[in-house]
Structure formats: C-alpha cells, structure tokens
Amino acid sequence: MQKTKLGISVALMGAGLYFLGIFSFIPAFLLAAYVLLREENAWLKRNAIRMVVIVTGFYLLHTGVDMLQEIWGVFNSILGMIPFLNLHFNFPLNLDSLANYIISFLQNLVLLISGFKALSGNMIKVDFADKLLLKHLD
C-alpha cells in the first residue's frame with residue numbers, strides 16, 4: 001500500500017479529503033492544495049481536484065438559488081413602489097430554502113459516498129467532475 005509523505009496511506013488521505021469537505025471547505029481546500037503541491041500520487045491528486053470540483057459545483061448551485069431569491073426581492077420592491085398596488089409576494093412555499101436543503105443534502109451524500117469509495121481505492125462516477133478532470137488534466 002502506498003504511503004503519502006505524511007506517512008498515512010494514500011487511500012486514507014483521499015477519504016480524508018472528501019470527509020473534510022463535508023465539515024468545512026476551507027480546511028478541505030488547504031488539504032487539497034497540500035496534496036497538489038507536495039504529493040506525487042496521481043490518483044490522490046485526481047481525488048483532490050475532484051473534491052474541489054464537487055464542492056465548488058454545489059456552492060455554485062447554492063449561489064444560483066440565492067440569486068433567484070434576490071431577483072424575487074427586486075420584483076417585490078418594484079411592485080411595492082407602485083402606489084395604488086400594495087402588493088408583496090413571498091417566494092412560493094419557501095422553495096428557495098427547500099432547494100438549498102436538498103443541495104446541501106446531495107453535496108454531503110456525494111462527498112460521503114466518495115470518501116468511503118476512496119478508502120477502498122476506488123472513485124465514484126460524477127459526470128460534471130469527470131468531464132472537467134478529463135478536459136484539464138490529460
């Protein structure tokens with residue numbers, strides 16, 4: 001079994017990347033940066049990049065939902081400026097909050113499954129991350 005320069009197995013370091021991504025993205029990104037700068041193992045580097053792509057992709061989804069909420073607020077502000085129409089619409093059924101909860105759940109699920117697969121030395125197939133990896137790494 002291959003070891004990293006820190007003395008732990010490559011599979012454990014790969015799993016640690018994903019598990020750390022569940023708890024906090026800043027330490028996970030710092031660990032990914034360490035792996036990319038200091039480690040030699042190509043599989044480990046692919047996992048570091050994959051974790052960053054997954055976390056960043058889900059963060060962009062959160063940002064998209066938040067932007068929809070802001071657009072809805074602008075729409076309400078414009079309607080509120082019309083004097084004879086005293087209208088204000090709430091976001092239907094709090095779908096923005098529901099969407100953010102679903103996105104967070106899916107992110108944690110993908111990272112958790114990826115972490116357990118990394119422990120065994122495998123990777124799950126995540127299409128958008130795989131396409132980015134193939135496009136920019138090889």
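This is a predicted model: local features need pLDDT of at least 70, side-chain atom pairs count only at pLDDT 80 or more; totals for chains, interfaces and linings use all residues.
## Overall form

The protein chain contains five helices and zero strands. Read from the N terminus, its elements follow the order α-α-α-α-α.

The radius of gyration of the protein chain is 20 Å, whereas a compact globule of 138 residues would have a value near 14 Å. Along the principal axes, the C-alpha atoms occupy a box of roughly 75 × 25 × 25 Å.

## Burial, surface and contacts

Buried residues make up 31% of the 138 residues of the protein chain.

## Aromatic pairs

The model has three aromatic pairs. One of them joins Phe25 and Phe29, whose ring centres are 5.9 Å apart. The planes of these two rings stand at 70 degrees, and the pair is therefore edge-to-face, given that the class requires an angle over 60 degrees. Both residues belong to helix α2 (residues 25-38), where they are four residues apart, about one turn of the helix. Phe25 is partly exposed at 45% relative accessibility, and Phe29 is likewise partly exposed, with a relative accessible area of 28%.

Another aromatic pair is formed by Trp72 and Phe75, with a distance of 5.9 Å from centre to centre. Here the planes are 50 degrees apart and the pair is tilted. Trp72 and Phe75 both lie in helix α3 (residues 42-81), three residues apart, which is about one turn of that helix. Trp72 is partly exposed, at 28% relative accessibility; Phe75 also counts as partly exposed, at 39%.

## Salt bridge

The structure has one salt bridge. It is formed by the side chains of Lys5 and Glu40, with an N to O distance of 3.6 Å. Lys5 is located in the segment before α1 (10-23), while Glu40 is located in the loop between α2 and α3, so the pair ties together parts that are 35 residues apart in sequence.

The two partners fall into separate accessibility classes. Lys5 has a relative accessible area of 49% and is partly exposed. Glu40 has a relative accessible area of 63% and is exposed, because the exposed class covers values over 50%.

How values were computed. Residues are numbered from 1 along each chain as its sequence is written. Side-chain values use heavy atoms; hydrogens and water are left out. Rings of Phe, Tyr and Trp (its six-membered ring) pair if their centres lie within 6.5 Å; planes under 30 degrees apart count as stacked, over 60 as edge-to-face and the rest as tilted. Helices (H or I, at least four residues) and strands (E, at least two) are DSSP runs, numbered from the N terminus. Buried means under 20% relative accessible area, exposed over 50%, partly exposed in between (1.4 Å probe, protein chains only). A salt bridge is a side-chain nitrogen of Lys or Arg within 4 Å of a carboxyl oxygen of Asp or Glu. The radius of gyration is taken over C-alpha atoms; the globule rule is 2.2 Å times the number of residues to the power 0.38.
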